[in-house]
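Here is a short note for someone opening this model for the first time. Please read the points in order.

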Amino acid sequence: MRKRKAISPAIVTLLLMAVAISGGIAVWQSMNSQAQTISKISKLDIVDVSLAKLQVGGKAFFSVTLKNSGTVDFDAIEAGFWDDTNKYVSFIKNSANLLPGVQWAENDVIDANITPNQKYTIKVIGTTSDGSTFSMAKTVFAMG
């Protein structure tokens, strides 16, 4: 008859500890990855927007200020509206690199037919560095 030697209890304890530690590390990495994904927020706030009809025919003054209130960079930003002739007028900023907490402002005299004291919906769209989009709208009364 052969005599078998058993595995030392110290070696078994070390093996069980190694398995438990590697399992814990795998769970931690998975949870950490999920937490980072959840904490990415894409959000733009309209700080200020104005629209005014100018006395010059078919001209308007359009001004918009946006703030990145999220946690990710915006690569592209667009702000625009439809005038009385259903023409879409907008500011588009590609390669914006709008970092969290930073504001972006644009204003210009544009070709647009608007009516004083009429409501216009300003549409804002932003594309983040990871390709996701954020959009919102705000109604503003045109000045004259």
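**Notes on the model**

1. The largest nonpolar core has 26 residues, and Phe62 and Phe81 touch the most other members. Such a core is a set of buried Ala, Val, Leu, Ile, Met, Phe, Trp, Tyr and Cys residues joined through side-chain atoms within 4.5 Å. Strands E1 (44–53), E2 (59–68), E3 (74–82), E4 (88–93), E5 (103–111), E6 (119–128) and E7 (133–141) each give two or more residues to this core.

2. This is a predicted model: local features need pLDDT of at least 70, side-chain atom pairs count only at pLDDT 80 or more, and totals for chains, interfaces and linings use all residues. Residues are numbered from 1 along each chain as its sequence is written, and side-chain values use heavy atoms, without hydrogens and water.

3. What does Phe81 touch? Beyond four places in sequence, its contacts (heavy atoms within 4.5 Å) include Leu51, Phe62, Tyr88, Ile110 and Tyr120.

4. Ser50 lies in strand E1. Ser50 counts as buried because its relative accessible area is 16%, and buried means under 20% (exposed is over 50%, partly exposed in between; 1.4 Å probe, protein chains only). Leaving aside neighbours within four places in sequence, Ser50 contacts Phe61, Phe62, Ser63 and Met143.

5. Leu16 is in helix H1 (residues 9–38). Is Leu16 buried or exposed? Leu16 counts as exposed, because its relative accessibility is 58%.

6. The domain assignment, automatic or from a database, gives domain 1 (1–39) and domain 2 (44–142). Their centres, taken over C-alpha atoms, are 55 Å apart.

Methods:
Helices (H or I, at least four residues) and strands (E, at least two) are DSSP runs, numbered from the N terminus.
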